[in-house]
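This report goes through a structure with attention to its interface, its helix packing and its backbone geometry. The sequence and coordinates are shown first.

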2 protein chains.
Amino acid sequence: MPAVVVVGTATAVAAQDGKPEKGPLVLKAQGSFFVGGETKNVGPNNDYTIHQMYVQYMIPVGKTGVPVVMVHGCCLSSKSWQQTPDGRMGWDEYFVRQGHPTYLADQVSRARSGYDETVINQVKAGTLPPSSLPSIFRIGHQGTWTGFRFGPAFGSVYPDEQFPVEAFDEFSKQIIPDINSQLDPTANPTWTNMAALANKLGGAVLIGHSESSAFPPRAALIDPSGVRGLIQLETGCLATLTADQYATLARIPILIVVADHLAAPPPSASCVTYMTQLRAAGGDVTFIHLPEIGIHGNSHMMMLDKNNLQVADVLLAWIGEHVEGKNGK
Amino acid sequence: MPAVVVVGTATAVAAQDGKPEKGPLVLKAQGSFFVGGETKNVGPNNDYTIHQMYVQYMIPVGKTGVPVVMVHGCCLSSKSWQQTPDGRMGWDEYFVRQGHPTYLADQVSRARSGYDETVINQVKAGTLPPSSLPSIFRIGHQGTWTGFRFGPAFGSVYPDEQFPVEAFDEFSKQIIPDINSQLDPTANPTWTNMAALANKLGGAVLIGHSESSAFPPRAALIDPSGVRGLIQLETGCLATLTADQYATLARIPILIVVADHLAAPPPSASCVTYMTQLRAAGGDVTFIHLPEIGIHGNSHMMMLDKNNLQVADVLLAWIGEHVEGKNGK
């Protein structure tokens, strides 16, 4: 990692919420499975399975809240939602400890879901030109630091930064190649699989982040029947839907959360349009800019920040009120 | 999946061990982290991290046994050790329930560990020829069926087969691209990372399977100090080591397990050499051909077979006797 220079005044101490979360984790069940997948013939007597989505889960004992499905962003895997780079509790365990069955999905084309390598092999064999290769993207250390808003320049840190920059080297190990470009951008199979997963669970809140922040509404537009709530972290606003599509989404509570140190004051123009259309269709849309509710210094990776459980509590409170109907709503 | 034809007489009923494993799973801790990794410069002001190894773990409450590290085989991920394709308990949870902190590692270049995509991008950009591309391997449905010994031909099943062939479609979703060919075959970073992990844990038993079945001894040859036992599933015998190398391995208890329906009676010639050399150096080597101890019909994927917990008990008993010194050894 670079030498870390704190810009400006001393960093505020990041307060965890002080809840007693150190006791044993008691699970009714844990495991993993796949959703979706289709057979692709790649040669004589040789079939592969592609487009499957790997999901791992933990279910707490006792009375449970609505299941929650978490889908990671660009160049990342479900590791995003797990133990933080500096070893603190991740959102996966915290949501379980708050009573929610929690499902982490690796996007199709990433991590344990695998990808379709056949074009790469065909180019190697000379049967397709190099231009056929998928673009494989990943964000480098320097781009991550500023793009994920750890500080204004590589190695410098915002005074109130909540990301555990001392663990940047560990965080950088989460960043892996992103081959989403090989998927149909108008019909990403992860969307279909998320909708299918929500149905399989008998109803779920879908959470997306960054690259996947519009995946929850995209999944609901394919099949809204199992989708009980949409949480979009760090934007993902869809400003060019049809009236019918807005009407579909307006039947589902939606929460949008953005963090601190954005270049321009939120909400973005696309989010203004999205929210205006949804509300005109009768939708229940909540937009939270964390600093405006007194939570400062969060990065793009709010689920890993030092106050990650405080941010989780914002989501949990919204789920309680808007999805589960607690507090009189 | 193909139409399933049972060859010969009726399939024997696969007996689970009848232990009460249905209660809550109580964990002292669970989480994930990375081992290893190095920085690679891929352009101006653009660094990536490569060769890191993703590890997820569960630690049971109470007095624990020796930690166990499980590394999957070809074209697979740590999913191998988790919930089976037909929904039964995986070895990960079973070992935890038997008191062992359990660590699942995705091989470097696979799944959540990521891979190095830079050559692929350089070929796409025209700065390297297509011949530079790594060979990416995966075994197709048909090759899996016979190669993993589910039956003698695609869609037919051995009479005593223990693999849950009715869940073959689900199993096929575990099979993902294997880009190990991009790694140095004489110094796979997964070996180094496994040795480092064993040290980090203060001692561990390393388990490899198939492609990774020689990874435990390879890790021990890099640094034996944290390696308390080696378990090699479905061969991986190293028949061409030096006397010094055999002497190093001879200080660690070693278990080799092979399953049923092999083309030739085990042990293979390489395993005979390996065991002879280790025993000559004073090593404690156990070779188990499952049918010879009365456990019939197991496939290459013994950790997913219907009697997977019975097979796990064979490993656990060996760990107890040869690593933990129970039963007077």
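How many salt bridges are there between chain A and chain B? The count between the two chains is four. The model in which they are found is predicted.

## Interface between the chains

The contact between the chains involves 61 residues of chain A and 61 residues of chain B. Interface size is often expressed as the accessible area lost when the parts come together. For chain A and chain B the buried area is about 5300 Å², and 47% of it is on carbon and sulfur atoms.

Over all chains, a search of the whole structure gives 22 salt bridges. One of the pairs is Asp106(A) with Arg112(B), whose closest N and O atoms are 3.1 Å apart. Asp106(A) sits in the loop between β5 (102–105) and α2 (118–125) of chain A, and Arg112(B) in the loop between β5 (102–105) and α2 (118–125) of chain B, so this pair joins two chains.

## Helices α5 and α6 in chain A

In chain A, helix α5 (residues 189–200) packs against α6(A) at an angle of about 70°, the axes lying 8 Å apart. Angles of 65 to 115 degrees count as roughly perpendicular. The angle therefore makes α5(A) roughly perpendicular to α6(A). The crossing of these two helices is right-handed.

On the α5(A) side, the contact is made by Thr190(A), Trp191(A), Thr192(A), Met194(A) and Ala195(A). Their partners in α6(A) are Phe215(A), Pro216(A), Arg218(A), Ala219(A) and Ile222(A). By class, the residues of this contact are seven nonpolar, two polar and one charged.

## Helices α5 and α6 in chain B

In chain B, helix α5 (residues 189–200) and helix α6 (residues 215–222) have axes that come within 8 Å and cross at roughly 70°. That angle makes α5(B) roughly perpendicular to α6(B). The crossing in which α5(B) passes α6(B) is right-handed.

Thr190(B), Trp191(B), Thr192(B), Met194(B) and Ala195(B) of α5(B) are in contact with Phe215(B), Pro216(B), Arg218(B), Ala219(B) and Ile222(B) of α6(B). The residues of this contact divide into seven nonpolar, two polar and one charged.

## Backbone geometry

Most residues other than glycine have a negative phi, and most peptide bonds are trans. Which peptide bond in chain A is cis, with omega near 0°? The bond runs from Pro266(A) to Pro267(A). Pro267(A) is located in the loop between β9 (254–258) and α8 (269–280) of chain A.

In chain B, Pro266(B) and Pro267(B) are joined by a cis peptide bond with omega about 0°. Pro267(B) belongs to the loop between β9 (254–258) and α8 (269–280) of chain B.

Ser210(A) is not a glycine, yet has a positive phi of about 60°. Ser210(A) is part of the loop between β7 (204–209) and α6 (215–222) of chain A.

## Strand β3 of chain B

Ile59(B) belongs to strand β3 (residues 46–60) of chain B. The C-alpha atoms of Ile59(B) and Pro44(B) are separated by 43 Å, with the two residues 15 apart along the chain. Leaving aside residues up to four places away in sequence, Ile59(B) touches Leu27(B), Lys28(B), Ala29(B), Pro101(B) and Tyr103(B).

Definitions and conventions: Residues are numbered from 1 along each chain as its sequence is written. Chains are lettered from A and ligands numbered from 1 in the order in which they are written. This is a predicted model: local features need pLDDT of at least 70, side-chain atom pairs count only at pLDDT 80 or more; totals for chains, interfaces and linings use all residues. Side-chain values use heavy atoms; hydrogens and water are left out. Axes are lines fitted to C-alpha atoms, for helices over the stretch in contact, and angles run from 0 to 180 degrees between N-to-C directions. Helices (H or I, at least four residues) and strands (E, at least two) are DSSP runs, numbered from the N terminus. Angles under 35 degrees count as roughly parallel, over 145 as roughly antiparallel, 65 to 115 as roughly perpendicular and the rest as oblique. A crossing is left-handed if the near helix is turned anticlockwise from the far one by less than a right angle, and right-handed if clockwise. Contact means heavy atoms within 4.5 Å. Ala, Val, Leu, Ile, Met, Phe, Trp, Tyr, Cys and Pro count as nonpolar, Asp, Glu, Lys and Arg as charged, and the others, Gly among them, as polar. Buried area is the accessible area (1.4 Å probe) that two parts lose on being put together, summed over both. A salt bridge is a side-chain nitrogen of Lys or Arg within 4 Å of a carboxyl oxygen of Asp or Glu.
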